[in-house]
Amino acid sequence: MTILRKIFILLAVALCGAMALSSCIEDGFTTSPSDQPTFSTDTLRMGQIFTLDASPTHRFTVYNRHDKGISIGSIEFADDPQGIFRLNVDGMTGRRFDNVEIRANDSIFVFVEATLPENGRDVPVDVLSHIEFRCNGVSTRFPVKAQGRDVVRFKGNTRFPGSATLLANKPYHVTDSIVVEEGATLTLSAGVEMFFHSEARMVVHGTLRIEGTSEDFVSLTGDRSGFVAAQIPYEIMSGQWGGIIFTPTSKDNYISHATIRNSEYGLVLDHAQGAPALHLINSQVRNTKNYVVEAIHSSVTAAGCELAEASMGIVRLVGGSHLFNQCTIANYYLFTALGGPAVQLSHVTPDDADVDEEEQPVDLPFMTADFTNTIIYGNGTDISHGDLEGTAVTLRRCLLKSKGEDDDNFIDCLWDEDPMYNTKREEYIFDYTLQDESPAIGAAYPDFILPETANDRNGTPRIPGLSLGALQ
């Protein structure tokens, strides 16, 4: 056989193989009006979107569940003349897509973004539009819903050189940072909502007052909404904004009925002034990348507070004078191994092993701290100093994860007890209310209750049946 003939035979075999392969994957396209695409959801809900800002990208899946391919004649928004919404179909961006093919038992992704116009309202305004799919002579309208919300924008470094009060008419969107100058007081009224962009933070050289109520909490959080992936919401993602920093000139800060979450640093007090430098009442501070509360030679009073979920630990105290009453200190942080115990104490005695000369100069007083009617429980260990003998730190009627015994510093504590939270970590539910069988229910001592926390943060009276922790 000649070389030329061999080449001819090989080419013929290759051609036949290609034709056979082609015939195997060629399934044809149906033209029956009954053969229509289906969708992964009945409505695309984009949630709340700040007007004039581009929304996060949302997606849904378009399925062909038939044994033949379908060709969708056109895909476009049927009722969006202003061009509020934007489409991306299977990787291609445009306003209209023609002859989109989906092979048998296959699917494509459709991505949607929006930039909603200002509406001039103080409340969110619903926006509804429809993506129209025309296939085999049949039109199907797929609903897309969003809520447009006007906001007050703080762009750049927003400084408050004098005293000011922010009202709750519209949310505040902070794209850089808020700075409260020395001597100034910034007051956030009940119901204020502040959304911070990535790396934005609040720096307080003067005084911060947050005056929420059980009916109208003040909320400070990141500006991302929706889901990171699958069913993981941004709501549980830490590190979305910087947090609140109280500097050495800051004093007499007061936070009541606030929820502060998703930050990098939580609340940081660096040699802040006053006794206490921060009064934190019936508030929730949670889900931070470092510590929830870090006080370096600053005094903190926290009463009725839920302090939860942080990678490094929940409360870090270096020196200072502190009171934690009716608090829930819990760590079920999800995304990394924990960096340390829930409560970390430093500059407690001259023999303190964890000495940092910059943070703990010997001429500053050693710590005094009192934890009363408080729960300290979660993953990891509860407190860094297992032996507090010789210190001015006491835990009175606290529920602890550790196994131990009472002494002069641990007084009437509940050792090695599970408070039985309603938290379901694997389902991303971080609920620190107590189950009916919890040993913390009715276990607190009424003599330790403070006037500020006669009711819990939801307005529920604590007596009778006073429970340990933040929630009655």
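How many aromatic pairs does a search of the whole structure find? The search finds 17 of them, where rings of Phe, Tyr and Trp (its six-membered ring) pair if their centres lie within 6.5 Å, and planes under 30 degrees apart count as stacked, over 60 as edge-to-face and the rest as tilted. The model is predicted, so local features need pLDDT of at least 70 and side-chain atom pairs count only at pLDDT 80 or more, while totals for chains, interfaces and linings use all residues. Residues are numbered from 1 along each chain as its sequence is written, and side-chain values use heavy atoms, with hydrogens and water left out.

One of these pairs is formed by Phe 39 and Phe 60, whose ring centres are 6.2 Å apart with planes at 70°, so the pair is edge-to-face. Phe 39 belongs to strand β1 (residues 38-39) and Phe 60 to strand β3 (residues 58-64), 21 residues apart, and the pair thus links distant parts of the chain; strands are DSSP runs of E with at least two residues, numbered from the N terminus. Phe 39 counts as partly exposed because its relative accessibility is 21%, whereas Phe 60, at 1%, counts as buried, the classes being buried under 20% relative accessible area, exposed over 50% and partly exposed in between (1.4 Å probe, protein chains only). Ring pairs also link Phe 39 and Phe 60 with Phe 133 and Phe 142 into a cluster.

The rings of Phe 196 and Trp 241 are stacked, because their centres are 4.2 Å apart and their planes are at 15°. Phe 196 lies in strand β17 (residues 193-196), and Trp 241 in the loop between β22 (232-233) and β23 (244-246), 45 residues apart. Phe 196 is buried at 0% relative accessibility, and Trp 241 is buried at 1%.

Turning to the nonpolar cores, each is a set of buried Ala, Val, Leu, Ile, Met, Phe, Trp, Tyr and Cys residues joined through side-chain atoms within 4.5 Å. The largest has 64 residues, and those with the most contacts inside it are Met 194, Leu 220, Leu 307 and Leu 395. A second, separate core of 27 residues includes Phe 60, Val 62, Leu 87 and Ile 102.

Among the strands, β30 (residues 300-303) runs parallel to β33 (residues 321-325) and is joined to it by four bridges, a pairing that requires at least two bridges found by DSSP. Strand β33 also pairs in the parallel sense with β36 (residues 368-372), over five bridges. Asn 325 stands opposite Ala 303 and also opposite Thr 372 in β36.
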